[in-house]
Amino acid sequence: LVLFVCISVVLSAQKGFRGCIDSINTRTDTAVDVMYLMEKWKDCVIGKPLPDINFKTVAGKKVSAKDLKGKVVVLNFWFIECHPCIAELPALNKLVNEYKNKEVLFYGITYQPLTTLKRDFFPKYKFDFQIVADATNITDEFAAGYPTTYIVDKNGIIKAAWNGGIEGEQAETQMFLKAKPIIDELLLKN
């Protein structure tokens, strides 16, 4: 049984994190159960290598997991109708500005089509991450609710992961305050 669980976790990390995410999507009766499952999801993905993903940004840049090695990477999974996703945009943009010209890459990944983004998002909002649209294959494997954020070290290992967000004034700084110390620490490591 232990061998089966270990093999399942390794295979899950190779394909994506769907198995870890599915572990949090079970029916629960209390908020304590939800909190426990959320921690189990993080335990399942943190410390694992970033699965081999390939995508193309809306600017046309092709990216693979191999291209990300040697950089700290922030992956944010979002969609337009997600109010906490939109509320945290100022904090996310502040992160991009903070690490301009440093070895940090930022990708905002959504399942929504580029046509929808052009019509309903880009005219209204500023999001300085490199945007990846039409990425259902990736969001299905990585998003554990919305927003979901991963921070990956220079060796391609997931060092932090969380999901959910808040709305209101606090949302404009919360993500920055949460992510900055992690990114700073990872930049100091070789």
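**Rings, sheet and loops**

Modeller: Trp-78, Phe-106, Phe-121, Phe-122, Tyr-125, Phe-127 and Phe-129 form one aromatic cluster. Keep in mind that this is a predicted model.

Colleague: How many aromatic pairs does the structure hold?

Modeller: It holds 14 aromatic pairs. Take Phe-77 and Tyr-150 as one of them.

Colleague: Why quote a distance and an angle?

Modeller: A pair of aromatic rings is described by the distance of the centres and the angle of the planes.

Colleague: What does the pair of Phe-77 and Tyr-150 tie together?

Modeller: Phe-77 is in strand 3 and Tyr-150 is in strand 6, so the pair links parts that are 73 residues apart in sequence.

Colleague: Is Phe-77 buried or exposed? And Tyr-150, buried or exposed?

Modeller: Phe-77 is buried, at 0% relative accessible area. Tyr-150 is buried too, with a relative accessible area of 0%.

Colleague: New topic. What is the strand order in the open sheet of five strands?

Modeller: The order is 5-4-3-6-7, and the pairing is mixed. Strands 5 and 7 stand at the edges. Each has a single partner strand, so one side of each has no neighbour in the sheet. Neighbouring strands are turned by 15 degrees against each other on average, ignoring direction.

Colleague: Which sense does each pairing of strand 3 take, with strand 4 and with strand 6?

Modeller: Strand 3 and strand 4 run parallel, over six bridges. Strand 3 and strand 6 are antiparallel, over five bridges.

Colleague: What stands opposite Phe-77 in strand 4, and what in strand 6?

Modeller: In strand 4, Ile-109 stands opposite Phe-77. In strand 6, Thr-148 does.

Colleague: How many bridges join strand 4 to strand 5?

Modeller: Three, and these two strands run parallel. Tyr-107 faces Gln-130 of strand 5 across that pairing.

Colleague: How many residues of strand 4 are buried?

Modeller: Six of its six. Both faces are covered. Val-104, Phe-106 and Gly-108 are on one side, with Leu-105, Tyr-107 and Ile-109 on the other.

Colleague: Why two sides?

Modeller: In a regular strand the side chains alternate between the two faces of the sheet.

Colleague: OK, helices. Which residues of helix 6 are buried?

Modeller: Helix 6 covers residues 89-98. Its buried residues are Leu-89, Ala-91, Leu-92, Asn-93, Leu-95 and Val-96. They pack against strand 3, helix 5, strand 4, helix 7 and helix 9.

Colleague: Where does the charged end of Lys-94 sit?

Modeller: Over the ring of Phe-176, 4.4 Å from its centre.

Colleague: And another lysine: is Lys-154 buried or exposed?

Modeller: Lys-154 counts as buried, because its relative accessibility is 15% and the cut-off is under 20%. Lys-154 lies in the loop between strand 6 and strand 7.

Colleague: Which backbone oxygens does the side chain of Lys-154 meet?

Modeller: One belongs to Leu-187, 3.4 Å from a polar atom of the Lys-154 side chain. Another belongs to Lys-189, at 3.3 Å.

Colleague: Last topic, the backbone. Which residues does a cis peptide bond join?

Modeller: Tyr-146 and Pro-147, with omega at about -10 degrees. Pro-147 is in the loop between helix 8 and strand 6.

Colleague: What is phi of Asn-101?

Modeller: Phi is near 65 degrees, a positive value, and Asn-101 is not a glycine. Asn-101 sits in the loop between helix 6 and strand 4. Asn-101 is exposed, at 79% relative accessibility.

Colleague: And what about phi of Asp-134?

Modeller: Asp-134 has a positive phi too, about 55 degrees, although it is not a glycine. Asp-134 is placed in the loop between strand 5 and helix 8.

Technical notes. Residues are numbered from 1 along each chain as its sequence is written. This is a predicted model: local features need pLDDT of at least 70, side-chain atom pairs count only at pLDDT 80 or more; totals for chains, interfaces and linings use all residues. Side-chain values use heavy atoms; hydrogens and water are left out. Buried means under 20% relative accessible area, exposed over 50%, partly exposed in between (1.4 Å probe, protein chains only). Helices (H or I, at least four residues) and strands (E, at least two) are DSSP runs, numbered from the N terminus. Contact means heavy atoms within 4.5 Å. Rings of Phe, Tyr and Trp (its six-membered ring) pair if their centres lie within 6.5 Å; planes under 30 degrees apart count as stacked, over 60 as edge-to-face and the rest as tilted. A charge sits over a ring if NZ of Lys or CZ of Arg is within 6 Å of the ring centre and within 35 degrees of the ring normal. Two strands pair if DSSP finds at least two bridges between them. Axes are lines fitted to C-alpha atoms, for helices over the stretch in contact, and angles run from 0 to 180 degrees between N-to-C directions. A polar contact is a pair of N or O atoms within 3.5 Å; within protein, one must be able to donate a hydrogen and the other to accept it, and residues adjacent in sequence count only if both atoms are side-chain atoms.
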